[in-house]
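Welcome, and please take a moment to look over the sequence and the model shown here.

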Amino acid sequence: IAALLLASCVPAAPTEHERLILATTTSTDDSGLLDAILPVFEEAYNAQVDVVAVGTGQALEIGAAGDADVVLVHARAREDQFVAEGNGTARYDVMYNDFVIVGPADDPAGITGAGSAVEALTLLAEAQAPFISRGDDSGTHTKELSLWEKAGITPEGDWYISSGQGMGETLTMADEQQAYTLSDRATYAVRQAEGLDLTILVEGDEALFNPYGVIPVNPEKHPGINADLAQKFVEWITSLETQELIAGYEVNGQQLFVPDSEAWRAAHP
């Protein structure tokens, strides 16, 4: 009896968390968005989300190798290719923001007021103004390369510098050299709040639109992944409740991402 009484006093072992590996971009991490919303998912599903924040290209490679359960990225053509090749089950709209071209406030290359991002890059190339490229196969790098291609320019020379790093580090490098760069608005806003001395010089061009999608990795190709929890994550991040969390996430009073899931659009036609 004493043994039974003693056993009843021993607290029950805590339920082990399910683990979800999320391969995503540096912008969702550097912006602080994931820190703001993931604890809600973890509590609701008794889960631990391990975030791997890299460029979109690398995030998709991680997913294709079966080393992540779900990916959250921003390079639409590559996302569609990921699904078409059988690496993901489907792509779901999550949110969007935009890219901006930033640089020193005195704008020595004179791109302020350029009619388009392509025109701005043309001016930068003509002036051979220092430009820091991500150079890391990220969604931002993919967008940048597509803009140079539209301009008919192959950027090369001492003025064109590849950082090979994430957005935050690239912005720091551009700040130190008072150079220009292409940034997602969210990471720029966070770094600006931390004292970054670069100014938005070009924005609002449709070509700078930046949508994000979430894709569960295909369990038929990678049976070892946590497919059930990955699908729950997709349903959670695209739900109206989580979309409202995304809408409410701000830095210095600035909304960084615009919700865009099917549920959100249905509720906000």
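## Arg-185 and its partner

Arg-185 is buried, with a relative accessible area of 14%; buried means under 20%, exposed over 50%, and partly exposed in between, using a 1.4 Å probe and protein chains only. Its side chain meets that of Glu-203 in a salt bridge, 2.7 Å from N to O. A salt bridge here is a side-chain nitrogen of Lys or Arg within 4 Å of a carboxyl oxygen of Asp or Glu. The pair links distant parts of the chain, 18 residues apart: Arg-185 sits in helix 9 (residues 185–193), and Glu-203 in the loop between strand 8 (199–202) and strand 9 (209–216). Glu-203 is partly exposed, at a relative accessible area of 46%.

This is a predicted model, in which local features need pLDDT of at least 70 and side-chain atom pairs count only at pLDDT 80 or more, while totals for chains, interfaces and linings use all residues. Residues are numbered from 1 along each chain as its sequence is written, and side-chain values use heavy atoms, leaving out hydrogens and water.

## More salt bridges

How many salt bridges are there by this rule? The count comes to 13. One of them joins Asp-50 and Arg-19, whose closest N and O atoms are 2.3 Å apart. Asp-50 belongs to strand 2 (residues 47–54) and Arg-19 to strand 1 (residues 18–25), so this pair ties together parts that are 31 residues apart in sequence.

Asp-137 and Arg-78 also form a salt bridge, at 2.8 Å from N to O. Asp-137 lies in the loop between strand 5 (131–133) and helix 7 (139–151), and Arg-78 in helix 5 (residues 76–84), so the two tie together parts 59 residues apart in sequence. Asp-137 is partly exposed at 31% relative accessible area, and Arg-78 is partly exposed at 24%. Elsewhere, a network of salt bridges links Arg-76, Glu-79, Asp-80, Arg-91, Asp-93, Asp-260 and Arg-265.

## The chain as a whole

Stepping back, the chain has 12 helices and 12 strands. These are DSSP runs numbered from the N terminus: helices are H or I with at least four residues, strands E with at least two. Of the chain's 269 residues, 50% count as buried. Its C-alpha atoms fill a box of roughly 85 × 40 × 40 Å along the principal axes.

Among contacts (heavy atoms within 4.5 Å) with a separation of 6 or more, 74% come from residues 24 or more positions apart.
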